[in-house]
Amino acid sequence: MPDLLLELFSEEIPARMQRKAADDLKRLVTDGLVEAGLTYASAGAFATPRRLVLTVEDLTEASPTTTEERRGPKVGAPDKAMEGFLRGAGVAREDLEEREDKKGRFYYARITTEGRPAAAIIAEMVPQVIRNFPWTKSMRWGSGSLRWVRPLHSILCLLNRDDGAEVVKFEVDGIPSGNTTEGHRFMAPGRFSVTSFEDYTAKLKRAFVVLSDEDRAEAIWHDATTMAFAAGLEVVDDKGLLAEVAGLVEWPVVLMGEIGADFLDLPAEVLQTSMREHQKFFSVRNPATGRIERFITVANRDTADQGATIIAGNAKVLSARLADAKFFWDNDLRIARDGMGDWRESLKSVTFERRLGSQSERVERIAALAREIAPMVGADPTAAETAARIAKADLSSEMVFEFPELQGIMGKYYALEAGLDAEIAAVAEEHYAPLGPTDDVPTAPLSVAVALADKLDLLTGFWAIDEKPTGSKDPFALRRAALGVIRIVLDGDHRIQLEAAISGALVPHQERIETDDTFAPYDDAIQALYDHGRDDDADALTQSVAENLPSWHDPERNAWNAGKALNLLSFFHDRLKVHLRAENIRHDVIDAALAKPPTDDLTLIVARARALQAFLDTPEGENLIQGYRRAANILTQAEEKDGVEYRYGADVKFAETDEERALFKALEAANTAIAPALKAEDFAAAMSQMAHLRGPIDAFFEAVQVNADNDIIRRNRLNLLHQITETCGAVADLTRLEG
């Protein structure tokens, strides 16, 4: 069985596109082979800066001959219908068969499709794949019509068999397929022929090309860490940069250079970010001091001077970059040491969102909210308010303007330079966390208070203006913010009344909306007065409108706030279900826990859900749920039939059987044990006590007929069923469970 080798050789492919392009090539070609009736054993895709490569092993020689039966029109159908069927099936009328089935007599055609050689299928399919390749960005060059990420130079396409290799002949926009390729652009120019994938990889390596991006990344990391270790240093781990650099070179050569002494006192994050973003350099750290002292760059070739010229050139460019960073740092330090007042003032002119005001207004809302949340998480309210007011000041700094990814990190440095306590300074960095599902959450009380306030202000603000996530669209990252709140609360075991916090956070947004709606009809008139120099008249009109703001009646305002708060709380509940999926806690289990108030204490809800899920995973739990459902179903049917509720205490004196009396006793014992467990919020212990009811409930239903002829006995037993449902549903609403 032959092996397929396909290479698409071009100018440099951007590193960020290579992995996806290799995967797309593999998917499109193998899907096309399978659709054409060919099978294969395995396939692999590779990418370097100048080539996409696919190898398919043990491909079948040809597609099989197939025969298909197709039912046509009824016998006696109009000629037009017959002509259409014959044309679609590609057969003559005399080739049709007549058959009887339960719906009548129909024409049938047998359609035979002859198999085709693999080479013919590939020659037809690959040009279509190339012409329709899903690049995120592509270009045309010369006078041709082909679009590719960069100019395509050659196509290698071979079918290799034991008796030799066959070139699969085709042409794409004047580029013929062949059996030749090129090695390294500088170290091994010129073309050479290959006969198989093994021959291809071996000759590429001799031509200074490492085909596998994983092999290139492994070689880079090995050489970089070895070089740093020899100097008593360590390379700062950066998997994203490693993957990118591996896509920039075909023959990686690792070189290490020194950072100028003038820049060594810059914060490590500034050095690392500047080198990473501008130069694609790895940072090399002194483990004893934590300072970044050297850099590692990856060249694409060997040189006679062992890379000395390359290092010298890179160091020169790096010095210019770091001189800019040092200039920003020095300027920012002057403002920071002056209390950061200039930055906080400048936030007044930075719009956060047109309807939600400026960044300065947002900071004031966060500060007020952080003060309210602080006691709930063990933080000092005054310190939380102070931390919130400076947490976003660095957004106005020159360093963050140049490197937005350093927001918060620089804020911490600047807060320390301003003379603030380390705990308050840390809030500037930590309040943004978590930014992703695997990020650590803040644990320091001040950081927790401000982080929650920040995220709740974001969520309530966009909820207030009806900008909620829809489908896959979430431009303001509101899902991430909600998940951040959930993780902070659960990981820290915080007890927060979320609905009250949401309602409080909505108030300033509510007031702003009311004010904006009131002033809207007067905006043009006020602005016109200012434009014509009549400032006094403009101020008077503004004051008059403000004094006559039509305040809503309390019920109306409360209804708006309550509606928004409950809708946002439901959003949190949905995010909670997604978050708990990793723990294999079912959605219906969470619904059951949510049905028991309070519904806004996330820590309590999750404790209930975890206990219930653990209980359901045991035989005792599943059997008890069945007994509960039986009791609940009988009780519901009786109440619907009788038009009354059986919600009163059953009396043991009306019990007629030992099983009935045993159930009374078991319920009393269970309730006595469950009550203190619920008070202590030990839901696992409460569920454990419920498990003791399994035997008495099963015995009761086996021995007792609930709907007895005696009305008194019947009512007593129905009230007893209510006691079962109440006891079993003490932790969660079991009616919400599926099945």
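This is a predicted model: local features need pLDDT of at least 70, side-chain atom pairs count only at pLDDT 80 or more; totals for chains, interfaces and linings use all residues.
User: How are H16 and H22 oriented to each other, roughly parallel or roughly perpendicular?
Analyst: Two packed helices can be described by the angle between their axes and the distance between the axes. For H16 and H22, the axes are 9 Å apart and the angle is about 75°. Angles of 65 to 115 degrees count as roughly perpendicular. H16 and H22 are therefore roughly perpendicular.

User: Which element gives the largest share of the lining of the largest pocket?
Analyst: Good one! The largest pocket has a volume of about 530 Å³, and 22 residues line it. Strand E17 (351-353), helix H10 (359-373), helix H15 (445-464) and helix H16 (478-491) each give two or more residues to that lining. The largest share, 4 residues, comes from H15.

User: How many charged residues are in the lining of the largest pocket?
Analyst: Let's start at the centre of the pocket, where Arg362, Lys392, Gln407, Tyr432 and Arg480 lie nearest. Asp, Glu, Lys and Arg count as charged. Across the whole lining there are 13 nonpolar and 3 polar residues, and the number of charged ones is 6.

User: How many residues apart in sequence are the parts that Arg185 and Glu11 tie together?
Analyst: Arg185 and Glu11 form a salt bridge, with their closest N and O atoms 2.9 Å apart. Arg185 sits in the loop between strand E11 (180-182) and strand E12 (191-193), while Glu11 sits in the loop between strand E1 (3-10) and helix H1 (15-35). So the pair links parts whose separation in sequence is 174 residues.

User: Where is Pro598, which has a cis peptide bond from Pro597?
Analyst: Most peptide bonds are trans. The bond from Pro597 to Pro598 is cis, with omega near 0°. Pro598 is found in the loop between helix H21 (587-594) and H22.

User: What is the phi of Gln306?
Analyst: Most residues other than glycine have a negative phi. Gln306 is in the loop between strand E16 (292-299) and helix H8 (308-337). Although Gln306 is not a glycine, its phi is positive, at about 60°.

Conventions: Residues are numbered from 1 along each chain as its sequence is written. Side-chain values use heavy atoms; hydrogens and water are left out. On a 1 Å grid over the protein atoms alone, a cavity is a set of points where a 1.4 Å probe fits but cannot get out, and a pocket is an open set with protein on both sides within 12 Å along at least five of seven lines; lining residues have an atom within 4 Å of a point. Grid points are joined across faces, edges and corners, and a volume is the space filled by probe spheres set on the points. Axes are lines fitted to C-alpha atoms, for helices over the stretch in contact, and angles run from 0 to 180 degrees between N-to-C directions. Angles under 35 degrees count as roughly parallel, over 145 as roughly antiparallel, 65 to 115 as roughly perpendicular and the rest as oblique. A salt bridge is a side-chain nitrogen of Lys or Arg within 4 Å of a carboxyl oxygen of Asp or Glu.
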